[in-house]
Amino acid sequence: MSMHQPFEHTVTAHGPTVLRVVRAVLGPGPDADDAWSETFLAALRAWPELPADTNVQAWLVRVAHRKAVDVTRGAARRAVPTDTLPERPTTSGLPENVEPDLWVAVGALPERQRLALAYHYLGGLRHTETAELIGGTPEAVRRAAADGIRALRRSYAPEGAPR
């Protein structure tokens, strides 16, 4: 018998974290929404077999990484070049949408910085776990995450905040 909490509680508890991670990796929009859905579908299928002592958030972030890679591969196959991103108000009511410029700034980071920042700061993975996902040493991943944070501080700050 598993000692897991009900799966719905896991979605409620970790859904926002997974959404922030896939948005940082893929940008806000339908690709991130697809990766979020695919993450929790895969998690639901694996849930009964998951060991009771699993760090659920770290496990979900690793699943989200694989789903984001899948979405990226799919998007590359059907890429449509565009110079502009549509601006439209959000209807989801999620707090991440309050700062759309932040997601633009995150999306502008070099890929390794973006992934290191997403998986460590947003997903809560240790640098060693992030290095296993994206390659490289834990020290290089730590540096990439720190460089990403520094770049964000330079390029993005809410109105009136110190840069």
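**View 1. Packing of helix 1 against helix 5.** Helix 1 (residues 7-26) and helix 5 (residues 111-122) pack with their axes 9 Å apart and at an angle of about 170°. The model is predicted, with local features needing pLDDT of at least 70 and side-chain atom pairs counting only at pLDDT 80 or more, while totals for chains, interfaces and linings use all residues. Residues are numbered from 1 along each chain as its sequence is written, and side-chain values use heavy atoms, with hydrogens and water left out. Helices are DSSP runs (H or I, at least four residues), numbered from the N terminus. Axes are lines fitted to C-alpha atoms over the stretch in contact, and angles run from 0 to 180 degrees between N-to-C directions. The two helices are therefore roughly antiparallel (over 145 degrees). Helix 1 contributes Thr17, Arg20, Val21, Ala24 and Val25 to the contact, and helix 5 contributes Arg114, Leu115, Ala118, Tyr119 and Leu122 (contact: heavy atoms within 4.5 Å). These residues divide into 7 nonpolar, 1 polar and 2 charged.

View 2. Lys67 lies in helix 3 (residues 56-77). Lys67 is buried (under 20% relative accessible area, 1.4 Å probe, protein chains only). Lys67 has no salt bridge (side-chain nitrogen of Lys or Arg within 4 Å of a carboxyl oxygen of Asp or Glu). The nearest side chain of opposite charge, Asp70, is 4.2 Å away. Apart from neighbours within four places in sequence, Lys67 is in contact with Ala35, Glu38, Thr39 and Ala42.

**View 3. Pro110 in a loop.** Pro110 sits in the loop between helix 4 (100-107) and helix 5. Pro110 counts as partly exposed, at 48% relative accessibility (partly exposed lies between buried, under 20%, and exposed, over 50%). The C-alpha atoms of Pro110 and Ala151 are separated by 10.0 Å, and the two residues are 41 residues apart along the chain.

Methods
Angles under 35 degrees count as roughly parallel, over 145 as roughly antiparallel, 65 to 115 as roughly perpendicular and the rest as oblique. Ala, Val, Leu, Ile, Met, Phe, Trp, Tyr, Cys and Pro count as nonpolar, Asp, Glu, Lys and Arg as charged, and the others, Gly among them, as polar. Lys and Arg count as positive and Asp and Glu as negative; His and the chain ends are not counted.
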